[in-house]
Amino acid sequence: MDKYYLTTAIDYVNGAPHIGHAYEKILSDVIVKHYSQRCEDVYFLTGTDEHGIKIQKTAAERGITPKEMCDENSSKFKEAWKALGIDYNKFIRTTDEEHEAVVQRIFDKLLKQGDIYKHSYEGLYCSGCESFLNPKDLTEDGLCPIHHKKPEIVSEENYFFKLSKYKDALKKHIQDNPEFILPKFRANEVLNQLDNIDDFSVSRSSASVEWGIPVLGDEEQRIYVWIDALSNYITALGWDVDKPSEKFEKYWPVVHHVIGKDILKFHSIYWGGILMALGLPLPKQLLVHGFININQEKMSKTLGNVIAPVDILKAWDLQIPDAFRYYMASAAMIGKDGNYSDEDFKEKVNADLANSTGNLLNRTLSMLVKYFDGEIKEEFLISSDLYKTALGKVKIVENHFDNYEIAEAGNEITDLVNITNKYVTDNAPWTLAKEGKMTECGQVLATVLNVMCVVCSLIYPYCPNIAKDMARQLSFDLNTKLDDLTCDNLKVGKFITKEEIHPVFLRLDSELADKTAKK
Ligand code: ME8
């Protein structure tokens, strides 16, 4: 594997980022950091989706222009991702001029080649989904099943995309490529939807929605949401109609779209159809995640339980985002919904990061200083069964990532730490020291430290700052690729001084935790 291109969904900017947005971006950043330990060339795209009726309405309610609101909220997303350590290569905004111009040309091409046509239509429009709904998909009360709102009846002349032409080819692609949609159970959902899907609207009249990209040569129509939003994945690479760019040639179609379950239809069916119409290959993979609930309840403005990720960092007084990243990345098994609660957060990060990983490293280094003045001697470096286990875990973790099992991979890392902790308890280096068996004692400590280098490397995608701190104390080169990892990391000689040892993660303060839990 020499290159890896990952995109996230681009978020609507009618508000500030919430914990669900953060979940997706953290998951994506963890994946990107993991693959940067396996391939030379990784490209990570995120951004904001800035057109549409929702944004137009919210800006009007606030008495500002849509562009002013987009600028304000898009900055909030950027600030939040900075605070969470999300290292994207490019942040695209759909109001970027270059993007808008290419979207116009895409639309024009599809219109000219007959994949887009004009059609009078009356339908049920959900502004939450920014899409017409099929009456069959509504709840018994006639509500949108995702947004629980009554859709508006819209009667307009719009442009439509001829999806019917591509339905069979899409079906075949999904059936022939079982890895296209992960987790696999989601693919059946798409195949069922394909049976009932019609051509879809790709424009709205400018009278009803002004805040959209104008159709070239038809001022009365705005290109609407999905062609605009989905095209970001190629416009961000500098692709233009009939003019593929260098980046596009390099990264397409080795692309992995990380998206939430609510927008799978748009990414598998709409995007698939648009790409086929443009004569471009389909993405390699759609990685579909579930939703994050708060205290086991759906997050919603009505319930008043929407949490901003930066508020969590503030509430816990966290100077680095690692604990939150670690928790979020492990919050749900592949594709399933997950949950955030203050209590779980405190418990999990205290157990895994402070008590297990941090404490193991701290204790071992402290013993090395206490018994050997921080020195590794030649005779400490022996082979150990634990090394086989550790390097075996590297393969297991890689395999989990290849199947998009990020929480499961995290559990394997904790398991390696627990096994190593047990090794320390079983071999009791303090007893060996008391009995004067100094070589054996040094061997136990060196074995643990060699394995901790592997742990440090594996945990880096989740907790980059903690990993860097561990690496410094272990004199380990964190740039080592996973394939080059060994358990031969320690050098003979003075290893560390007492002053250089410090805990990499402090337990979350219980008083603070209890205070936040009560709020
Ligand atoms: O859908 N838990 O934007 P968006 C987990 N602009 N993920 C969640 C979530 C939750 N509670 N709530 C939302 C859009 N998400 C479009 C995307 S892409 C070309 C256009 C996820 O701001 C959601 O599933 O409503 C989506 O993947 C992302 O956040 C942005 O949602």
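**Helix packing and its surroundings**

Helix H13 (residues 342–372) packs against helix H15 (residues 406–427) at an angle of about 45 degrees, and their axes lie 10 Å apart. H13 is therefore oblique to H15 (under 35 degrees counts as roughly parallel, over 145 as roughly antiparallel, 65 to 115 as roughly perpendicular, and the rest as oblique). The crossing of H13 over H15 is left-handed, meaning that the near helix is turned anticlockwise from the far one by less than a right angle, whereas clockwise would be right-handed. On the H13 side the contact (heavy atoms within 4.5 Å) is made by Lys 348, Asp 352, Ser 356, Thr 357, Leu 360 and Arg 363. H15 contributes Asn 411, Thr 414, Val 417, Asn 418, Thr 420, Asn 421 and Val 424.

This is a predicted model, in which local features need pLDDT of at least 70 and side-chain atom pairs count only at pLDDT 80 or more, while totals for chains, interfaces and linings use all residues. Residues are numbered from 1 along each chain as its sequence is written, and side-chain values use heavy atoms, with hydrogens and water left out. Helices (H or I, at least four residues) and strands (E, at least two) are DSSP runs numbered from the N terminus. Axes are lines fitted to C-alpha atoms, for helices over the stretch in contact, and angles run from 0 to 180 degrees between N-to-C directions.

H15 also packs against H17, here at about 170 degrees and with the axes 10 Å apart. H15 and H17 are therefore roughly antiparallel. From H15 the contact takes Ile 413, Leu 416, Val 417, Thr 420, Tyr 423, Val 424 and Asn 427. From H17 it takes Gln 443, Val 444, Thr 447, Val 448, Val 451, Val 454, Val 455, Leu 458 and Ile 459.

The nonpolar interior comes next. A nonpolar core is a set of buried Ala, Val, Leu, Ile, Met, Phe, Trp, Tyr and Cys residues joined through side-chain atoms within 4.5 Å, where buried means under 20% relative accessible area, exposed over 50% and partly exposed in between, for a 1.4 Å probe and protein chains only. The largest such core has 176 residues, of which Phe 324, Tyr 340 and Phe 345 touch the most other members. Helix H17 (residues 438–459) supplies the largest share of this core, 14 residues. Leaving aside residues up to four places away in sequence, Tyr 340 touches Ile 19, Ile 292, Asn 293, Ile 294, Asn 295, Ile 307, Ile 312, Trp 316, Phe 324, Tyr 327, Met 328 and Phe 345. Another core, of 5 residues, lies apart from the largest one and includes Cys 129, Leu 133, Leu 138 and Cys 144. In soluble globular proteins, nonpolar side chains tend to be buried together.

A further helix pair is formed by H5 (residues 167–176) and H6 (residues 185–195), whose axes are 10 Å apart at an angle of about 165 degrees. H5 and H6 are therefore roughly antiparallel, and their crossing is left-handed. Lys 167, Leu 170, Lys 171, Ile 174 and Gln 175 of H5 meet Ala 187, Val 190, Leu 191, Leu 194 and Asp 195 of H6.
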